[in-house]
Amino acid sequence: MRTVLLGSVALILTACASHDDQQGLCGKLSTFHQPSETENLFRAVVTRIDDANVVTKASYRLTPGTHTLRVVELIDDPRLGISLRDRHFKELTLRVEAGVEYHLGARFEAREEGPDSTSEYWQPVVWKQEQTQCHFEP
């Protein structure tokens, strides 16, 4: 009986320690790096995360879990042919894991006949993922 009790206490303490190890961890969202234009990838900016407007910056620390991003493309390509006033944001749902950096961009979907509408010429994409150290400051 004593062995079972000690084993149970050890399992509970291990679970608590694992939970504490996860606290303060985060994932990163980056818009700083220039993606490969040869692959029709361009920079993008984030204007909203979940229900909060954000100041546009190079990277954001996010809690692990699912986040909704409002993304604006920065496509500079002569094939685009859409005025700035006709460009619109798109939303992207991103599942963030602790210790992962997500590089966000805009995929230009160039068509010879032009886009079918002012929103169908691009898609927000994560063009690269890599392991990183990420902790929220206490």
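Mentor: Rings of Phe, Tyr and Trp (its six-membered ring) pair if their centres lie within 6.5 Å; planes under 30 degrees apart are stacked, over 60 edge-to-face, the rest tilted. The model is predicted: local features need pLDDT of at least 70, side-chain atom pairs 80 or more, while totals for chains, interfaces and linings use all residues. Numbering runs from 1 along each chain as its sequence is written, and side-chain values use heavy atoms, without hydrogens or water.

Trainee: How many aromatic pairs does this rule give?

Mentor: Apply the rule to the rings. The count comes to 1 aromatic pair.

Trainee: Why is the pair Phe42 and Phe108 classed as it is?

Mentor: The ring centres are 6.2 Å apart. The planes stand at 75°, so the class is edge-to-face.

Trainee: How many residues apart are Phe42 and Phe108?

Mentor: Phe42 sits in strand E2 (residues 41–42) and Phe108 in strand E8 (residues 100–108). Strands are DSSP E runs of at least two residues, numbered from the N terminus. The pair links distant parts of the chain, at a separation of 66 residues.

Trainee: Are Phe42 and Phe108 buried or exposed?

Mentor: Buried means under 20% relative accessible area, exposed over 50%, partly exposed in between (1.4 Å probe, protein chains only). Phe42 and Phe108 are both buried.

Trainee: Which residue lies over the face of Phe89?

Mentor: The test wants NZ of Lys or CZ of Arg within 6 Å of the ring centre and within 35 degrees of the ring normal. At 4.0 Å from the centre of the Phe89 ring lies Arg70.

Trainee: Which residues of E5 point to the buried face?

Mentor: Side chains alternate along strand E5 (residues 59–62).

Terms used: Helices (H or I, at least four residues) and strands (E, at least two) are DSSP runs, numbered from the N terminus.
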